[in-house]
Amino acid sequence: MATGYAELFCFSNFTFLTGASHPHELAERALELGYNAIAITDACSVAGIPRAWAALKDSPVKLITGSWFELEDAHPGGAAPRFILLAQSRKGYGQLCQLITTGRRRAEKGQYQLFTRDIETQELDNCLCLWLPPASSAASYEQAEVCGEWLQRLFEQRLRIGATRTLEAGEEQQLARVRKLADQLKLAIAATGEVHMHARERQPLQDVLTALRHHSTVENAGHCLFQNGERYLRPLPVLQRLFPQAWLQETVNIANSCRFEPGSLRYEYPPDLVTKGETPAAYLKRLTRDGERRRYPGGTPMKVQALIRKELGLISELNYEHYFLTIHDIVAFARSRGILCQGRGSAANSAVCYCLGITEVNPAKVELLFERFISKDRDEPPDIDVDFEHQRREEVIQYIYQRYGRERAALAATVIRYRPRSAIRDVGKALGFDAALVEKLLDGIDWRDKATNWRQQILDKGLTRNPKVADQFFTLVNTILGFPRHLSQHVGGFVISAGPLAELVPVENAAMEGRTVIQWDKDDLESLGLMKVDVLALGMLTAIRKALALISEEKGQTFTIQDVPQEDSATYAMLQKGDSIGVFQVESRAQINMLPRLKPETYYDLVIEVAIVRPGPIQGDMVHPYLRRKHGLEAVDYPNDAVRQVLERTLGVPIFQEQVIKLAMVAAGFSAGEADKLRRAMAAWKSHGDLTPFRDKLISGMLERGHDPDFAERLYQQICGFGGYGFPESHAASFALLVYVSAWIKRHHPAAFYCALLNSQPMGFYSPSQLVQDAQRHQVTVLPPDVNHSAWEHTLQGKEKHLRLGLRIIQGLSSSGAERIHQNRPANGYQSAAELRARAGLNQRDMELLAGANAMPGFTSNRHQAYWQLLEHEEPAELFANETMADYTPEPCHLLPEPTEGQNVLADYSSQGLTLQRHPLALLREQGHLRYCLTADQLKATRPGIPVQVAGLVTGRQRPGTASGVTFVTLEDETGNINVVVWLDTARRQRKPLLTARLLHVKGIIEKEGDIVHIMAGKLSDLSHLINALPVSSRDFH
Amino acid sequence: MLWLYLHFPHLLLDHIHRNQPSTGALAIVDGAGYTVVQACPNARDLGIEAGMRLKTALGLAPELSIMRTEARQEAWLLEDQARWLYRYAAHITLSPPDGIWAEVSSLQKLYGGLPSIWQTVEQALAERKLNAWVAIGHTPQAAQLLARAGKGECTADKHHILTSVGSLPLPAAGFDEKSCTRLQRLGLNTLAEVFALPPTELARRLSPELLAMVQKIQGTRPDPKAPWQPPHSFRQKADFIHEVEHTEGLLFSLQRILSELEEDLCWRQQDTDTLLLILQHRHQQATRLRIRTTGPEHRAEMFLKLIRLKLDQHPLSAPVTGLILAVKHFTGREAPLGRDLLGETEDLDEAWHTLISRLQARLGEQSLKRLAARADHRPECAWSASNPGKPGKPRPQASVTLPRRPLWLLKAPRPLAQPPETWHSGPERISGGWWDGQRVHRDYYIAQLPGGELAWVFRDVQGGWFIHGWFG
């Protein structure tokens, strides 16, 4: 009778540059071949387990969790051991994770280091050891024997010998050695396949990976490559021919003794938060009630009460209390430190989250879909993302580490995978293509062309004329696409556990000092049903907190987000003009153009504004229909009531991701399960997903139900556009709150707004220079940095609230030096450079930077002179041998030329990146260089359709993915910004000025849409040389 | 003293254009292939500059031709230039990576004045199709700065030279970056303004090194330059923008290199009897050809004839991306052939060389091969018979125990006529070679044939049986 087989030795592609198959490919192949079980045994890692588990969850094939190890040292007299450890129980799994953690935490990122003493000291009594004895070329028989005896002492009855048959030279000797060792040590032998790939066809890829690992090419890798492609999952009949019955039977015996299932991992949330004597459910209920009183001082609306009851019921049914409590705890910590935070994503669909202060979207005002957040059917843990102030998120992270300890908290991993560019580069390297040639090819590729097209693009560029080589190349590239390359840290996904985390999942080092990541990413956590807390960073929250503090100071009382008046018409009027530089989310060029078209009047309009300028609605061509309907130019109608329910809020036009998914259900007849699959496919589309299988079902489904074919096709396009950039309504709703708050501050407290923004740099779309100019255009007086008036930060001064630039604007100045300048400043200010240097204890570098920034106007006549005086202080360097001190007697101060206006402007730019003097364009215009050019202001009063000339500093070049081949250039002159549109043909003919000019001159046609002005570029000229000519051609040159 | 300075603004490009004239935009990139090192005038017109990332350059000019360079290449090229300049001037000094000084005051009498020296140099440059900016200065520094700025004039007037140097903008003064920034922050724009600062102040407020530099430019501080000595070998390299597929395509650059070799030999008053020609390919190892003359030789046409013959015998195995011609052994024109009195100085290298050439003379060049192991699992690729070059050091490779292989491997496998008597070992499966189109997938066995021979047989993927070799 034929025995079964369990493969106990499999490298997946999570053993980087070694394994040539995905874990799920291995799992699925094992299922096809009728194996009893399969172990995924990556090198000191269990990163591949969740994916294999997802593939085998409901199948007869058992998944065994294991890992392969090679130790750094050897037991005295023995060979360095290589072996596989298999988890026999949940406890054994914890022991395995602990060992992996030890090895990984000790080594650099991506490496591991384990020694014999680790195996001797760590508890591994629930793990089975499969020893892989060394070959005769690596160790003598005696050394192998010593090694085996050592392992036997440690593992006793849980030690087996692994034997493999790869049909390579020297195999017979090795088998003889294995038999002899088994005899001598009385060990059972188990067959293994030493699997590196699920099918033999992957041999070329495995060779490519091997060559890359050895920094070689396939052709030169020689004996580093395997002799043949036998390390794949072989069919049972083949195995039965190769191995004795007993060896196969032993694999099944081992598999039977391994009773750990990844699905049994249950997350235990830390119980720390609940006070003794209270159940988690009661505690959560109490906190929610407290929150209700805060949120609804006048009594909770009935609708919200019902929601809360329903949510609490579901939460307690699914045992998610600890999760909510944990997040509440983190948010409460942030609140107590005055760190602004706000939840977003699907959590904004929860009334409980609103009451707990995790989110800010009021369920009384917006329709919430709690099912999107938690659903009994989906059986998935909820996902709460919380944004914290960018500058202070680290405090929150440190709090989590401190509260739960590094043993119990770590960041989730992000698996960095092969993308087309890296795949082409690496495969090219392994096949020995010239590196410069490959770079050239890569560079010419337009990645936005559909994925299938880059193959043709590369062939057109002449990679090779040999079709066979080309085929091989593309097959390899396509296969390696999506392969993991290394683990990186997730932006902020924390995993917190009740027991030591390392017993749940191995922890390894991240690239960042002091950070650790677990070996699984967020999809893995999801497939195993484990929860994570997303601690994200948002720069705008920092700016808002700082602005609120300035406003509070001005008002003499605390002013919070809740104090911002709602639905302020002046704020909306400002946004409708497209005056939104610095405002959260709507400050990009595309948004500035959309604002006057959409004309937001209410909070919900902002929710739409945030979501509409996105690839989804744009590719689905939903923008124009929506605008027409909003402004009453087109009737709002619905094919039936079901569709009306979905689309009513957005006037019958799908804008949000969940609307599209709902439409798939009500308009195309998708089942709930299918719709969920569609949602996942959309999320995965960017990296490796494929949406085409849904296309036919969607379109035929919609046609059957009498929908317009054109609408169906557009909906599909929109789904593709959402892929990877999904923007759900709840997300937009959270963001829109911040849009409104930041816009309100800009409208009513401009000085505080710009001051806070400048103090939160770097963030947003605009440079400090652009922000300062925008501030000046909003009647904010901006004063230069001055050692006698500035602090490190930018500040508001006097009753008039003038914005005084802080010393931080001086590039390269040390913050400690700036602090000392501020703290040690005498009441009547510093009187001389020497006093400044002495009192503030400044070094030469800081002094020079201050002089270069002209930040000592109180006691120096100009920056040249200030600088000359400073240089005197420096100790003379060592003398040359043939010189005497007499050569260095000081002479009276040498007089230097007074700086010209142009020199001052340039010096300001080089020291601060901005100038408060006249704009360089104003100087050039005065000198007569820009005779026929109109300013941004003049353009507003110019008739559309006529040819014009403009010039300005290039502040932005953009080629958005949604506009085919168009480049948008933003020019800045002394009156504002000018938008230039360069079509592909124009761009191709004038690459040099387009791509390199710092000061650009454009001849073109002016076009207008409402208040929005565009210049359609014709001729471009580079005027950058004028910038350098500024200082000398100035009129007041001495 | 008077110094002449040659600044080569794009030596690598000139070098390539000399071998393969072309009109398109061309850029040289560094070894890693990410940064532009030099850009030809056509490329510069398109906005491409040295130091630019290749990505940016290709954004500006998608049709740009690119060539990679090795770090040492530029140094070799500069040496080449020094070699010919050495024939005109006795005291020259290299200024890597792109300049050469020549002391010319002592030459004025010889050449009949400065203008004729200038003309001689310009002519030599033109003949060699080289771009160089020439300048004369009363100090090495002055000459160098003027040449680099392209402001050179044929004058020995110190005052005139100082005025020209003084008008140079600060960034062209060759000061270190820190000093340059400081001087600019003081509002200074030209070197003349720096000259105007009191020297003691300059040393005290900026640095003594800066003062030294200024004084070296002005000539108030000595600036000795050590003379260059020519090397004792000849080596010239040509790179091709477009791969050369036929022998004919190589002759143009060979002709040029050989006439430079002839010039070099004449000047040395030496001959040679061995040339080494290395042809480089993109994807495979270089072809090394040794060309031997029947006796000492120096004429370019004779060398060319021999090389042509050699290339006729060895058709190009792959398109050529570059070639190197090197000569290491020189023989004195009059010196008698033979060994020195005691025969002790003849080293092993030389002995090997002599043995090989004698064997080749006796047996014919084609009949002599060297056997070497290659790291490849395919038996037919696991060894190589190459031209006997130097007594090779075996290439370092991972220690592998070589598998059991028959000493006599058949040239091509031949079908197994009758089933073997006994099977000794196997199967050993060999599968690989997908990358070069010679994929094998075979199971090997050692078996005794009915005739008693011990054979290495295999079965291929179609199930056919073959004999591949014999064991002793």
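Which residue of chain A forms a salt bridge with R429(B)? In this predicted model, the partner is E230(A), and the closest N and O atoms are 2.8 Å apart.

A search over all chains gives 65 salt bridges in the whole structure. R429(B) sits in strand 16 of chain B, residues 422–432, while E230(A) sits in the loop between helix 8 and helix 9 of chain A, so this pair joins two chains. On burial, R429(B) has 15% relative accessibility and therefore counts as buried. E230(A), at 1%, also counts as buried. The pair belongs to a network of salt bridges that links R200(A), E230(A), R234(A), R429(B) and D443(B).

Now the interface itself. Chain A puts 63 residues into the contact and chain B puts in 62. About 5,700 Å² is buried between the two chains, with carbon and sulfur atoms giving 56% of that area. The rule finds 3 salt bridges across the interface, along with 15 residue pairs in polar contact, both residues at pLDDT 80 or more. Several helices of chain A each supply at least two residues to the side that touches chain B, among them helix 7, helix 18 and helix 20. Helix 39 of chain A gives the largest share of that side, 6 residues. By type, the side of chain A that touches chain B divides into 25 nonpolar, 17 polar and 21 charged residues.

Next, a salt bridge within chain A. R695(A) and E713(A) meet through their side chains at 2.7 Å, N to O. R695(A) is in helix 31 and E713(A) in helix 32, so the bridge ties together parts that are 18 residues apart in sequence. R695(A) is partly exposed, at 30% relative accessible area; E713(A) is also partly exposed, at 26%.

In chain B, the side chains of K225(B) and D223(B) form a salt bridge at 3.7 Å, N to O. Both of these residues are buried.

Last, the strands. Strand 17 of chain B, residues 440–448, runs antiparallel to strand 18, residues 454–459, with 6 bridges joining them. A447(B) stands opposite A455(B). The two strands form a hairpin with 5 residues between them, and G452(B) in the turn has a positive phi of about 95°. Strand 18 is also joined to strand 19 of chain B, residues 465–470, by 5 bridges, again antiparallel. Here F458(B) has F466(B) as its bridge partner. Strands 18 and 19 of chain B likewise form a hairpin with 5 residues between them, where G463(B) in the turn has a positive phi of about 95°.

Terms used: Residues numbered from 1 in each chain as written. Chains lettered and ligands numbered in written order. Predicted model: local features only at pLDDT ≥ 70, side-chain atom pairs only at ≥ 80, totals over all residues. Heavy atoms only, no water. Contact = heavy atoms within 4.5 Å. Buried area = accessible area lost by both parts, 1.4 Å probe. Salt bridge = Lys/Arg side-chain N within 4 Å of Asp/Glu carboxyl O. Polar contact = N/O pair within 3.5 Å; in protein donor to acceptor, adjacent residues only side chain to side chain. Helix = DSSP H or I, 4+ residues; strand = E, 2+ residues; numbered from the N terminus. Nonpolar A, V, L, I, M, F, W, Y, C, P; charged D, E, K, R; others polar. Pairing = 2+ DSSP bridges. Buried < 20%, exposed > 50% of the residue type's maximum accessible area, 1.4 Å probe, protein only.
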